[in-house]
Amino acid sequence: MKVRSDVLRVYQSIHIWTGIIAGVVLFIGFYAGSLTMFKGAIDAWSMPPALTLPQVPTEKLDDLVAQVLAQDDKAKIGFSLHLNDEHQSPMTWYQQGSERELSMSHQLWHASLDERGQLVTQLSTPSELAELIDQLHRTAGIAGEVGHDQAGVYVLGIAAVLYFLALVSGVIFLLPTLTKSFFALRKDKGESRFWLDAHNLVGITSLPFHLVICVTVIVFAFHDQLYDGLKHMVYGEKPLFAQSAPDRTPYTLADLPKITTVLTKVQELAPDYQVHEMTFMNLDNPRATLRLGLYNPNGFMRGPVTDYLYLHPYSLKVSNSTIDQSDKGIWARTVAVFFGLHFGSYGGDLGRWVYFFLGLSGAFLFYSGNLLWLEKRRKKLATEQTRACRLMASATVGICLGSVAALAVSMLLGKWLYVHVGNINHVYLWLYYLVFGLLVAFAFWRGAAKAALVILPLCALATLAMPITSLVAVIAPSLGLWAPYSAATLGVDLAALAFSGMFFYGYKLTRHRVFNGPQDSVWAIPAKVPVAELTQQTS
Amino acid sequence: MARLAEQDKLQPDWWTKSLAGLILGFTLALGLVGLFAWFGPGGIDADTKVQFNMWLITPIWLLILSFSFMFKTGLRAIGYLSLFNVLTYIVLYTFR
């Protein structure tokens, strides 16, 4: 397709500059986002199996709830039931904190029944590892708050606006050569051509995914401002949200219907769905709510894992639902699709894996984009590259790979330190920022080439040590480590092993380039030989 | 393709075009969503339609922003986008 050359030039500039500004934070958002596809598995992997009490059959749940409510005041305000999930205790409630706030020191009660029907409970501070990865995904690790929102979320929202521009402009300036070189992966025309072909191929094939992620990120970051805009400019006197009057009937806990009754009712309302989780909230006041997480492996979920159904816990009247298939629910269902498209919560487990790889390919897109920028600005035969190039190379290696290494190290050491510290969550947080800070500083101090040769092996070793840790746990149980106890937790170890292989391969390639590649590059470690001689030998 | 004369080429005008796309593009997207909210399916009172309307703003806004750079100059971007804004809001506020 022909596009005017002046148009191409404008959009090429847009693509380069938006990409280079937003690329680094988006890299962190994408790789961490990939990991959040398996939040449940990562949480289970990070905690000793003894913390989770055994599941009980559904018909025993009423017995469990009755016994807990008879003796615990906190549970009388609210509690959660987790059904058929081997990684969760059947009943939990907060001694301190709530699920709505992110805190490093929640205290959560777990309850179950033993074989004789006796109540078993234990109190613990849950590992927030998966939640912290999710925070990293949403904020790129940028701390601080603006109003009641996280600053990092706004930063990623702004990055996503640039990202949209980068997508549109990237497609426009690829149009003239798209049909000619779409599937070409030219290895023999120099590094930059290979990277460019790979960048284009990944970008075009995953374009729909990127458009979806980009638009949803902006909406997630700025929905308050967008609603304000609608209120002032469009709705005027009309209310944005219909407010229904709360049920003022003075209920007491004695009025709480049986769990089995609730489950039968839900079965009628949503025959295709399994109940995953039931959360009772505000049981002691008029805002009483029961939120059900409903899962349909063949459906399009509104949440990261499940759809939601909100009932009044006493009257069982539906107050809200994301599964209403009637005409009345059409808008809620449509919006649920937007959420599901971001969360990858459709297409069951296969869909999750596809999203996992799409997320990683997105991270690759930003990383390779930065490499291309550097390659394009390479000053041929110069002894030293420009300051901008050296700084950008250091930022790319230090921030992108540094974040990956920092997370891998804190996940690994978290497992080793778990039994030795009171609260593992502070360890995760401190380790991440400590390692990340050190690696970024090192990258700027010694340059990209030396940093890459430190960070890549660090990533590879930390991820390799994860499955080895599990082997050690089996051989030496006295160390207080634990081995995988389910397919999902084993999966985390195997994924770590695969990542390790990838990092080793990346290390090999980088090392080769550092010592054998052209010396007039940010990737070369300066040799003592005059540069002109060297480039003649290598080119 | 014939060579373009210098004055026919796109002027980059980064600041004016970007600001036009960001600000006027946003108000235009809001106005267009307003038309959909009031006169589209279900009308303004449809249950939870407001959520859908909110979602609709971003893609329209970003498309306008992306193609703002196709205007020949920054001034034209401001001019055309202002004009579309005025027209949209006249329709919205007259008939809602």
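This is a predicted model: local features need pLDDT of at least 70, side-chain atom pairs count only at pLDDT 80 or more; totals for chains, interfaces and linings use all residues.

Residues are numbered from 1 along each chain as its sequence is written, and chains are lettered from A and ligands numbered from 1 in the order in which they are written.

**Exercise 1.** Describe the secondary structure and overall dimensions of chain A.

Solution. Step one: chain A contains 15 helices and ten strands; helices (H or I, at least four residues) and strands (E, at least two) are DSSP runs, numbered from the N terminus. Step two: along the principal axes, the C-alpha atoms of chain A occupy a box of roughly 90 × 65 × 40 Å.

**Exercise 2.** Determine the strand order of the eight-stranded open sheet in chain A and identify its edges.

Solution. Step one: the order is 4-3-2-1-7-8-9-10, with antiparallel pairing; two strands pair if DSSP finds at least two bridges between them. Step two: strand 4 (119-124) and strand 10 (318-321) of chain A each have a single partner strand, so one side of each lacks a neighbour in the sheet. Step three: neighbouring strands are turned by 20 degrees against each other on average, direction ignored. The axes behind such angles are lines fitted to C-alpha atoms, for helices over the stretch in contact, and angles run from 0 to 180 degrees between N-to-C directions.

**Exercise 3.** Trace the bridges of strand 7 of chain A to strand 8 and strand 1 of chain A.

Solution. Step one: strand 7 (residues 274-281) is joined to strand 8 (residues 289-295) by seven bridges, and the two run antiparallel. Step two: strand 1 and strand 7 of chain A are antiparallel and pair over four bridges. Step three: A:Phe280 has A:Leu290 as its bridge partner in strand 8, and A:Phe280 is also the bridge partner of A:Phe79.

**Exercise 4.** How are domain 2 and domain 3 of chain A placed relative to each other?

Solution. Step one: the domain bounds, from an automatic or database domain assignment, include domain 2 (52-124 + 248-316) and domain 3 (382-539). Step two: their centres, taken over C-alpha atoms, are separated by 41 Å. Step three: four residues of domain 2 are in contact with six residues of domain 3, contact requiring C-beta atoms, placed from the backbone, within 7 Å.

**Exercise 5.** Which elements of chain A give two or more residues to the side that touches chain B?

Solution. Step one: the contact takes 30 residues from chain A and 27 residues from chain B. Step two: the elements are helix 1 (5-36), helix 5 (151-181), helix 7 (207-235) and helix 9 (330-343) of chain A. Step three: helix 7 of chain A provides the largest share, ten residues.

Note on methods: Two residues are in contact if their C-beta atoms, placed from the backbone, lie within 7 Å.
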